[in-house]
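Subject: Structure handover

Hello,

Here is the structure you asked about. My notes follow below it.

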Amino acid sequence: MMAQVAITLNVNGRNQTTLAEPREILADVLRDRLGLTGTHLGCEHGVCGACTVLMDGEMVRSCLLFAVQVQGSEITTIEGLEENGELHPMQKAFSEYHGLQCGFCTPGMILAGIDLLKRNPDPTAEEVRDDMGGNICRCTGYQKIVESVLGAASEMNEVTS
Amino acid sequence: MKPAAFEYHAPESVDDAVGLLSSHEDAKVLAGGQSLVPMMSFRLARPATIVDINGISDLDYIQCSDGVVQIGATARQSALEESCEVAACAPLLAEATGHVGHRAIRNRGTLAGSLAHNDPASEYPAVLMALGASVTAVSSGGSRVLSVEDLVSGHFLSTALGPDEMITEVSVPAQSGGHGFAEFARRHGDFAVAGVAAVVNMNGSGVASASIAAFGGTSPARLDEAESALVGSDGGSDAVAEAAARAASQFPATDDIHGSADYRRALIDVLTRQALQQAIAGAQEV
């Protein structure tokens, strides 16, 4: 077994140092070492999108990064979205529009939706489906997920306009 | 924790990186990791040493000078997608990038890494062959330039690179004429079952030059028999159909879970026609 090394990660605005082996992927370190189990692991090889997190504000697959690689970057997980006890508008929209069934894909969907709206603040339903095609829902509840993202878009555009 | 244990190095210069590659047996370069990490998680790859080049900041660039687009080894695919230089100088590359994986993959994945991995279903090796691109490969012994065609063709999940070499830059000559790109994938963002990239130049009498490459077979392939059928023709539908038929017969088709070799040849016929029609229409506008 390889020796563990000390890794300092900035997660949700907080620096945290943990011991981990270089082969430990970011998702495992978030879940098992830092206790942030909101990031879900589905396929563990970059296909399903469940483990999506933001790295320096851009969505990435946390199953395709070694934790040791992201030192010096800012990681945002689903746990880091609420502010002062207020859910993020995307989280609220998923609740309001019933964008989740079993909830397993939801953290990845929410972060992917946030990333999409940053690049395209007012997408069409077709654009949401196309852009979020990398996130898989096995309950196949896509209709409500698309409605949630569109709902969040109009909510967020109202706030900024 | 699925990957086998490895020794991790994060050099800050190309010299240090190639030094590590030459002094360590079974070392592998880690760039975006979007192909290597899943292979390691399945233990299809279990390198003893990982040389993470993401900390080499002077490899992260996209620039266009003297009619050549130069793309550093750690430039992300999402940066290619948004680059004005790529859109202006190599629109085929810009268009094909939208078909590579999903946005989350492109935020980490690199062009050079995709070439070095050389998955036969990947868009980039064929696209860069059609564009006549080359790579700079560096080892502790020096550097060399080789064409993407020499780098990837005939190889399966491997390249002509030596174990102590790394790609530092991909150079794409500014595209002239029109381009076409067509692929068939079960879902947008999935690996394509097959695809075709083409660049065509027209003159007063018809097709002056054509460069056609395909992916989804045993190895990315330049389709020179289709090219010679097209060059000198009027670029009309008969000539395109003849070129597409030759493309299908020359394509190194293979059977797998996603489709039979016969199905792939039929796809290449259709996709070549679509790509050439787009390329010829584009070339006529120039």
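Two strands count as paired if DSSP finds at least two bridges between them. Helices (H or I, at least four residues) and strands (E, at least two) are DSSP runs, numbered from the N terminus. This is a predicted model: local features need pLDDT of at least 70, side-chain atom pairs count only at pLDDT 80 or more, and totals for chains, interfaces and linings use all residues. Residues are numbered from 1 along each chain as its sequence is written, and chains are lettered from A and ligands numbered from 1 in the order in which they are written.

**Strands, chain B**

Strand 9 (residues 178-184) of chain B runs antiparallel to strand 10 (residues 194-203) of chain B, with 7 bridges joining them. B:Glu183 sits opposite B:Gly195 of strand 10. Strand 9 of chain B is mostly covered, with 6 of its 7 residues buried (20 or more other C-beta atoms within 10 Å of the residue's own, C-beta atoms being placed from the backbone).

Chain B also has an open sheet of 3 strands, in the order 1-3-2, with parallel pairing. Its edges are strand 1 (7-9) and strand 2 (27-30), each pairing on one side only. The twist from one strand to the next averages 25°. Strand 2 of chain B pairs with strand 3 (residues 49-52) of chain B over 4 bridges. There, B:Leu30 faces B:Asp52. Helix 1 (residues 14-23) of chain B packs on this sheet and touches strand 1, strand 2 and strand 3. Its direction makes about 170° with that of strand 3 of chain B. Angles run from 0 to 180 degrees between N-to-C directions, and axes are lines fitted to C-alpha atoms, for helices over the stretch in contact.

**Helix pairs**

In chain B, helix 11 (residues 237-250) packs against helix 12 (residues 261-285) at about 140°, axes 8 Å apart. Residues in contact (C-beta atoms, placed from the backbone, within 7 Å) include B:Val240 and B:Ala244 of helix 11 and B:Ile268 and B:Leu276 of helix 12.

In chain A, the axes of helix 2 (residues 89-96) and helix 5 (residues 142-160) come within 8 Å and cross at roughly 130°. That makes helix 2 of chain A oblique to helix 5 of chain A. Among the residues that meet are A:Met90 and A:Phe94 of helix 2 and A:Ala152 and A:Met156 of helix 5.

Best wishes

Notes
Two residues are in contact if their C-beta atoms, placed from the backbone, lie within 7 Å. A residue is buried if 20 or more other C-beta atoms lie within 10 Å of its own, exposed if 12 or fewer, and partly exposed in between; C-beta atoms are placed from the backbone. Angles under 35 degrees count as roughly parallel, over 145 as roughly antiparallel, 65 to 115 as roughly perpendicular and the rest as oblique.
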